[in-house]
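Thanks for coming. I will go through one structure, starting with its aromatic side chains and ending with its pocket.

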Amino acid sequence: MNGFFKFSLWVVLAGLAIKLCGSTGFALTIAGGIAFLFATWFLGRMDIKEEREPDKFELNPKLYSVSSVDEPDKLLTEPELENAISVQVRYQKNLETLIGVLCFAAVICMAVSVYYFNGNMLAIFGLTGALLALLGKCNHKYANHKIAGYTLEMEKKRDLYLSLYPRPKLDLNNPESLKLFCSHFETLVEAEIAANIAKAIGVGFMIYPGDSMRMVCGSQYQEIIEKYYYNFRETLLDTVRNISNLQIIPAEQLPEPLDPVPPSPQVSESTERAAFTLKKFCSYWPTREEAATALAVRYHIIALACTGFNEMYYPNDSLSDIADDITELIIAIREQFEIDDPIKDAGKMDDKFTFADFVHYILKKQEKKKYENS
């Protein structure tokens, strides 16, 4: 909203320039606006600081094993406050959307005023835009203030709980502490993501998959998500799975395949798909190599469609049902898998061509290339 506020004030000046000085004043205002934009861009470029990714925590596979130890009966959760925050966030977004629509209408009116070279109307609509921008800024500050209050209350309840029910210390440099922490996650990949999140948060007490992220982070929540760009969800486990859902993972880091491999369920368009979990997804593939390839294809399908982030895909799914455009998918995977000229094969992939068929197609192409290069 800051940018739109400045733009609206400039429009007011342009309207006054038209009113007082005619076309000459308007031309000078335009030139001044362009000069201001260039100066702002130039100073911004000079002030850019190199962003540094946080150091990644690499988990030693020997320290990972699934434990039979259950989570504590009482987790760090506060459903009422979580719900109050969710309501506040929805209210903020809805009001921002409404203000955005009104701002867009104001811009159209500004353009019409310029077309008719009406300085009075241009100044009025510019002032309207500035007031809408101020309203948007006030809404944003008010909502953030309310959310910060709820978050601080959650932090106080967290500290009270930990004083009544002390937890083991979490020290990622201590093998025993790290092993206990990671043992609550189904796969090595999930455990490593969780360890990286725990390192970013920097808490000194043990956190469990079912703990609320806001309650764990407390007043640091907003600062942490802005600093590390984690796409946080309600709980630690939801956050870990949300991150792992969109990763291309090497075969050696995936869970061991099941023997026998469970049959893939039949899913129709009217059937709601199960939620994606890495362990469940990999269980439908006979080898780690097939699972890793399928996971990479799933990544590209989601990236192209921008939907289905949390949906499970099965080997027997028709490729045309889960991929919006097979040709685009082939182009997307061509560079990663180093497949030569695969676009001509897209026509052969009809409705009966399954997800598993596509995975086997990629593996055969790779095997053929290795043979030709040997």
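Start at Trp-285, which counts as buried because its relative accessibility is 1%, under the 20% cut-off. Keep in mind that this is a predicted model.

What does Trp-285 pair with? Its partner is Phe-355, in an edge-to-face arrangement, with 5.4 Å from centre to centre and 85° between the planes. Phe-355 is also buried, at 0% relative accessibility.

Another of them is Tyr-161 with Tyr-165, where the ring centres are 5.1 Å apart. The planes of Tyr-161 and Tyr-165 meet at 35°, so this pair is tilted; the tilted class runs between the 30 degrees limit for stacked and the 60 for edge-to-face. Is each tyrosine buried or partly exposed? Tyr-161 is buried, with a relative accessible area of 9%. Tyr-165 has a relative accessible area of 47%, so it is partly exposed.

Ser-283 lies in helix α9, residues 278-283. With a relative accessibility of 7%, Ser-283 counts as buried. What does the side chain of Ser-283 reach? It reaches the backbone oxygen of Lys-280, at 2.6 Å. If neighbours within four places in sequence are left aside, Ser-283 is in contact with Leu-258, Val-261 and Pro-262.

The largest pocket holds about 720 Å³ of space. Its lining has 25 residues, and the closest to the centre are Val-89, Ile-147, Arg-214, Tyr-221 and Gln-222. Which elements give two or more residues to this lining? They are α2 (79-115), α3 (119-164), α6 (213-217) and α7 (221-228). Helix α2 gives the most, with eight residues. By residue class, the lining of the largest pocket has ten nonpolar, eight polar and seven charged residues.

To recap, Trp-285 and Phe-355 form an edge-to-face pair, Ser-283 is buried in α9, and α2 gives the most residues to the lining of the largest pocket. I will take questions now.

How values were computed: Residues are numbered from 1 along each chain as its sequence is written. This is a predicted model: local features need pLDDT of at least 70, side-chain atom pairs count only at pLDDT 80 or more; totals for chains, interfaces and linings use all residues. Side-chain values use heavy atoms; hydrogens and water are left out. On a 1 Å grid over the protein atoms alone, a cavity is a set of points where a 1.4 Å probe fits but cannot get out, and a pocket is an open set with protein on both sides within 12 Å along at least five of seven lines; lining residues have an atom within 4 Å of a point. Grid points are joined across faces, edges and corners, and a volume is the space filled by probe spheres set on the points. Helices (H or I, at least four residues) and strands (E, at least two) are DSSP runs, numbered from the N terminus. Ala, Val, Leu, Ile, Met, Phe, Trp, Tyr, Cys and Pro count as nonpolar, Asp, Glu, Lys and Arg as charged, and the others, Gly among them, as polar. Buried means under 20% relative accessible area, exposed over 50%, partly exposed in between (1.4 Å probe, protein chains only). A polar contact is a pair of N or O atoms within 3.5 Å; within protein, one must be able to donate a hydrogen and the other to accept it, and residues adjacent in sequence count only if both atoms are side-chain atoms. Contact means heavy atoms within 4.5 Å. Rings of Phe, Tyr and Trp (its six-membered ring) pair if their centres lie within 6.5 Å; planes under 30 degrees apart count as stacked, over 60 as edge-to-face and the rest as tilted.
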